[in-house]
Amino acid sequence: MIRLDRYPREIVLRNGAGLVFRPMVPEDVDRLWTFFQSIPPEDKMFFRRDVNRRDVVQGFADALDYERVLPILALEGERVVGDATLHRRKSGWKRRVGVVRVQIAADYRHLGLGTAMVRELRHLGEKASLRYLMAEVIEEQAAAVRAFEKLGFERAAVYPDFVDDRKGEPHNLVVLLYRMSSAVDDMFC
Ligand SMILES: CC(C)(COP(=O)(O)OP(=O)(O)OC[C@H]1O[C@@H](n2cnc3c(N)ncnc32)[C@H](O)[C@@H]1OP(=O)(O)O)[C@@H](O)C(=O)NCCC(=O)NCCS
């Protein structure tokens, strides 16, 4: 179990704005839904679930289980401006692989928040003794690829025409991997 006593955690962006990071709770459903509505349609096209539907976001809140999906919100007061999730499996062969996803409100981009949230997930992954973090990004999402690479994720594979956007157009999927530092020790144990 990951200890969450570091939250709420205050961070300061490079423009001086103060935000709070904390795990999502069921009562956040409205503010999370409002956040998703503010995400530009071109970014939402690549989301796995249709977050324009209120019932889909309600479903996230109803099914909260931090051992499976740990959502960290970035809040400016009561407003959600970033959402980063760490997805894990409780058992099976991928139980030490965490999948990370991050989205930042359009007016909070290029301030280092995406990087700070990926760094936060990386910290949580270390605490959960994960061996790898994995991010799956559409190749055209240059900012996302760059944000992950900056933090040490490496392109492990590109799957051509692997995923369809909501209009049915195929896109290359880039798989980025980060090997946790604790996993390097594993090799010598
Ligand atoms: C990808 C995303 C999370 C980045 O968030 P952000 O807060 O803007 O990221 P940062 O400010 O930390 O920037 C990280 C790095 O990405 C690069 N970057 C940022 N915007 C970029 C752009 N438009 N094009 C290319 N590189 C870009 C820069 O190298 C930047 O580092 P620097 O500012 O130190 O030079 C954000 O753009 C987003 O939410 N996109 C839509 C959802 C998405 O694509 N999620 C990823 C899939 S899981």
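A polar contact here is a pair of N or O atoms within 3.5 Å. The model shown is predicted.

**View 1**
An oxygen atom of the ligand sits 2.7 Å from a polar backbone atom of G114. That distance falls inside the cut-off of 3.5 Å. The backbone of G112 also takes part: one of its polar atoms is 2.8 Å from a ligand oxygen. K150 uses its side chain instead, placing an N or O atom 2.6 Å from an oxygen atom of the ligand. The ligand taken alone exposes 930 Å², and the protein buries 77% of that area.

**View 1**

Strand β7 covers residues 154-164, and strand β8 covers residues 170-179. The two pair in the antiparallel sense, over 7 bridges. R155 faces L176 of β8. The hairpin has 5 residues between its strands. Within this hairpin, G168 adopts a positive phi near 90°.

**View 2. A156 in strand β7.**
A156 belongs to strand β7. Its relative accessible area is 48%, so A156 counts as partly exposed. Beyond its neighbours within four places in sequence, A156 contacts V175, L176 and L177.

**View 3. Backbone exceptions.**
Most residues other than glycine have a negative phi, and most peptide bonds are trans. H110 has a positive phi, near 65°. This residue is found in the loop between β5 and α4. H110 is exposed, because its relative accessible area is 70%. D161 also has a positive phi, near 45°, and lies in strand β7. With a relative accessible area of 53%, D161 is exposed too.

Y7 and P8 are joined by a cis peptide bond. Its omega is about -5°. P8 lies in the segment before strand β1 (9-12).

Methods:
Residues are numbered from 1 along each chain as its sequence is written. This is a predicted model: local features need pLDDT of at least 70, side-chain atom pairs count only at pLDDT 80 or more; totals for chains, interfaces and linings use all residues. Side-chain values use heavy atoms; hydrogens and water are left out. A polar contact is a pair of N or O atoms within 3.5 Å; within protein, one must be able to donate a hydrogen and the other to accept it, and residues adjacent in sequence count only if both atoms are side-chain atoms. Accessible areas come from the Shrake-Rupley method with a 1.4 Å probe; for residues, only the protein chains shown count as cover. Two strands pair if DSSP finds at least two bridges between them. Helices (H or I, at least four residues) and strands (E, at least two) are DSSP runs, numbered from the N terminus. Buried means under 20% relative accessible area, exposed over 50%, partly exposed in between (1.4 Å probe, protein chains only). Contact means heavy atoms within 4.5 Å.
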